[in-house]
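My notebook is open and I am ready to look around. Come along as I jot down what I looked up.

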Amino acid sequence: MKKSKPALVSTVRRVRYILMLIVFVVVFVLHVQGGLHLILGRLVQDLRELGSSYDEKMKRRWGRYYDFMCFIQENTPEDANILFPPQSSLYPRVGNLGLNSYFLLPRHLHHGNQQVLRNLRPPVYVVIYKEFPPFKVEGSRIMKDSENGLIHYRPKP
Amino acid sequence: MIPFVLLFICILFLGDSFTSTLKCKLGCWERFGLAYGLGLAIFTFGTFFSSLLGAPFSKGTLLLVLLICLTVIWCFKTKSRIGLNLRIRWNKPRLPMIILGAIILLVVLSSLFDSVVRPIYTWDALAIWGTKGKAIFSLGSVQAVKDYGAKPYYPLNIPIAMAVFYYFGEPFVKSIFSLYFVAILMVFYGSLKRCGCGYVASAGTLMLAVTPFVFFHSTIAYANLPMAFYYMASVIYLYQFFRDNNRSFLVLSSILVGVGCWTRAEGLIWLFPNLVVLSIYALMRKQWLDPILYLAPILAFFLPWSVFSHYITGARSPYASSALQSVRQLFTLNLETAYIWDILRYFYRQIFIKENWSVVHRVLGWGYVWPFFFCILVLYCTRIRKYSYLLSIMGLDILALFSIYYTVAISGGLYRVLEVGFNNSFNRVTLYFFPLILFQTMLLVSDDIQRWGSKT
């Protein structure tokens, strides 16, 4: 009876070892196979993008938003102060100053209303995007298309 | 290309010189991995200091910082009589190891290729890290982060590193993250091989490399992967300290947590699990000075940034007030049970139901690692005592994760995180201790394989 206990323990350990090996091999194969499938898929995508320019790649990712940022960059000087709509569900991208800054550096970007606008040092621009600005802005308009563009703010003295 | 390679070698040399001053016995894989992570962090920290002293961010300043850092470390090394250690022990690998190594190399090359081909395109990578890096580079001052980029209270390790790499072009900027991926794999492999057997270490490293979410993070420019590197390495070397009671590993672990605090704002939260378990260890062994020794390097990295952030950029982290509120609720036992259940349900969904272990691997998944961990833990529940410190740290990590969600919940943002398309937040935060889960699983597997291997 006394001898059977170590034998039982040894059998349990052996079974556990075999079970562990099975789990290990199955998980390893499934995990590596699935992971490599994903990585190779991404590699194929990368190879397709190899000939594209930076603009083409960014346009593919960010669509019209990237075009709009390029438009602002081309039509404003580097020392410009630009008023953007607030970040909300209506303006998730255009309202994100951190994101916009990446494309528009070193221009200074701001959120705000007429009061903020009056205090900005020229040259000042206001973004026209969807329902923004909800207030009247004096100055000349530079339009990208019928809906979006910029206002070069020039208050009457 | 040549200046980039030269800078990369200098960073490796700086990191390796620094690590060797700690006199830790490390394998060559770990040395290379740590050399990159620590070399880059010391370089960015030195650049940050030079900027505080009024130096502009320029090639000349960067070169000067590199020379000063190297001189200081080499003076210390000479004084402590630590020579140049270029010896690399190399055992002839067997065929299965060569095959596993070749697959890992393929994965690493894919990650590097991806960073060269794809520009920085993900939201936070552009809005937070990319903008700050570009601002420092183009305006020539670290203080540019005051006006550009979201979340000004985030530390500057990654933005400064990005600014340095902008000198070589944007593809090189993204390679920072692929190189952190390589560093994670090297430290993971080296330490697992030291604690277990070589085959299991190679298999575990391959599993880590092909885990969809880890690979995905090596190709987007988020600071989560660098933070995961520092935290994973810090816990592994703390575990090594618990095993050997060698204080050099304690100091190394502490420096890595400190650099973690210099990489992401939540670095301090992940310090607590380590500190709590270390305090218990110190209490049991009556080594009272260990927790204090552990805190010193962390403060050296954290305090300068903290002072800069408060008094120069004027940024206040919103986490502190929410954390205080949740601690107050904890002490008054005024906990919101509805939030607790919501968070637990969310965790369950993320681990067991969502894409994490479905047959179709999705980009944001962890593959089969979570179920693997639980299976192995159940099989080897009798050996938990042997790894009690490591498992306690992981348990506290999960508690810390829960606290983060609870803090977000009481500050009113929980449903934004859980429901409104913020699906990868769980994976992004678990990324810090996820490699440890695989590490622990592989240690248990390795134990038994070695035991039965020696019997046969």
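Before the sheet, a term: I call two strands paired if DSSP finds at least two bridges between them. Helices (H or I, at least four residues) and strands (E, at least two) are DSSP runs, numbered from the N terminus.

I noted where things come from: this is a predicted model, in which local features need pLDDT of at least 70 and side-chain atom pairs count only at pLDDT 80 or more, while totals for chains, interfaces and linings use all residues. Residues are numbered from 1 along each chain as its sequence is written, and chains are lettered from A and ligands numbered from 1 in the order in which they are written.

**Entry: the sheet of chain A**

I looked up the strand order and found 2-1-3-5-4, in an open sheet of five strands with mixed pairing. Which strands stand at the edges? They are strand 2 (108–111) and strand 4 (139–143) of chain A; each has a single partner strand, so one side of each is left without a neighbour in the sheet. On average, neighbouring strands here are turned by 25 degrees against each other, direction ignored.

Next I checked one pair: strand 3 (residues 124–128) and strand 5 (residues 149–153) of chain A run antiparallel and are joined by five bridges.

**Entry: the whole of chain A**

I found five helices and five strands in chain A. Along the sequence they follow the pattern α-α-α-β-α-β-α-β-β-β. The radius of gyration of chain A (taken over C-alpha atoms) is 30 Å, well over the 15 Å that the globule rule (2.2 Å times the number of residues to the power 0.38) gives for 157 residues, so chain A is more spread out than a compact globule. Its C-alpha atoms fill a box of roughly 105 × 40 × 25 Å along the principal axes.

I also looked up the domains, whose bounds come from an automatic or database domain assignment. Chain A is divided into domain 1 (1–51) and domain 2 (55–153), and the C-alpha centres of these two domains lie 53 Å apart.

**Entry: where chain A meets chain B**

How many residues does each chain bring to the contact? I found 41 from chain B and 34 from chain A, where contact means C-beta atoms, placed from the backbone, within 7 Å. Helix 5 of chain B gives the most to the side of chain B that touches chain A, with 10 residues.

Key
Axes are lines fitted to C-alpha atoms, for helices over the stretch in contact, and angles run from 0 to 180 degrees between N-to-C directions. Two residues are in contact if their C-beta atoms, placed from the backbone, lie within 7 Å.
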